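Have the structure up while you read.

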Amino acid sequence: MNLPEIHDFLGCRTPDAWVAAALADQETLLIDHKNNEYKAASTAMALMAKYATHLDLINFMSRLAREELVHHEQVLRIMKRRKIDLKPVSASRYASGLRKLVRNHEPQKLADTLVVGAFIEARSCERFEALVPHLDEDLGKFYGGLLKSEARHYQGYLKLAYQYGDAREVDHCIEKVRVAERELIESPDEEFRFHSGVPA
């Protein structure tokens, strides 16, 4: 599946070393992926609560939260079939690293938060794409199916950023986040996670 829009949006492609690490530790990959789906749903619901007068945002986030929870359940089913036990896995530095760039005052805070959301969804999409050719049929089919929804989520986040923010400021935020996101993806990481950098 060709995803030129996603590739243009992101500052780099996933390094081969990360793909090799993911294939070598599919247990951690699935546990962290499950956690990320839950966190994505939680983030969407938190945004709905915080921006309770933003109708288009609430509509989008409500659908997104439902979809992310379905994905969460699907990953749980795959883990059960593969006899992978649930265990605590710490969060990667990725999302918190990107959120440091979000400004504290409104309406910039909302627009920046939505831009960060767009990058997280775009990177998830690109990572699924990088993994699919190397996975077994069961997991490959599932991750291949997630590509489209992650791409749709990325587009939704970005559209809302421009709707609720100043276009020039959103463009500037995208450039800033792109540089930081690339650094997080290409720099060494001690722990393997779904959004981790190059294995140290």
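1. Let's start with Arg178, which is buried at a relative accessible area of 19%; the cut-off for buried is under 20%. Keep in mind that this is a predicted model.

2. Which residue does Arg178 pair with? Its salt-bridge partner is Glu175, and the closest N and O atoms are 3.0 Å apart. Both residues sit in helix 8 (residues 167–186), three residues apart, so about one helical turn separates them.

3. Next, have a look at Asp112 and Arg103. They form a salt bridge too, with 2.8 Å between the closest N and O atoms. Is Asp112 buried or exposed? It counts as buried, at 2% relative accessibility, while Arg103 is partly exposed at 25%.

4. Then there's the salt bridge between the side chains of Lys87 and Glu27, at 3.3 Å from N to O. Lys87 is in the loop between helix 4 (55–81) and helix 5 (94–99), and Glu27 belongs to helix 3 (residues 26–50), so this pair ties together parts that are 60 residues apart in sequence. Both ends are partly exposed: Lys87 has a relative accessibility of 43%, and Glu27 has a relative accessible area of 35%.

5. How many salt bridges are there by this rule? The count comes to 14, and the pairs above are among them. As background, side chains of opposite charge can pair when their charged atoms come close.

Note on methods
Residues are numbered from 1 along each chain as its sequence is written. This is a predicted model: local features need pLDDT of at least 70, side-chain atom pairs count only at pLDDT 80 or more; totals for chains, interfaces and linings use all residues. Side-chain values use heavy atoms; hydrogens and water are left out. A salt bridge is a side-chain nitrogen of Lys or Arg within 4 Å of a carboxyl oxygen of Asp or Glu. Helices (H or I, at least four residues) and strands (E, at least two) are DSSP runs, numbered from the N terminus. Buried means under 20% relative accessible area, exposed over 50%, partly exposed in between (1.4 Å probe, protein chains only).
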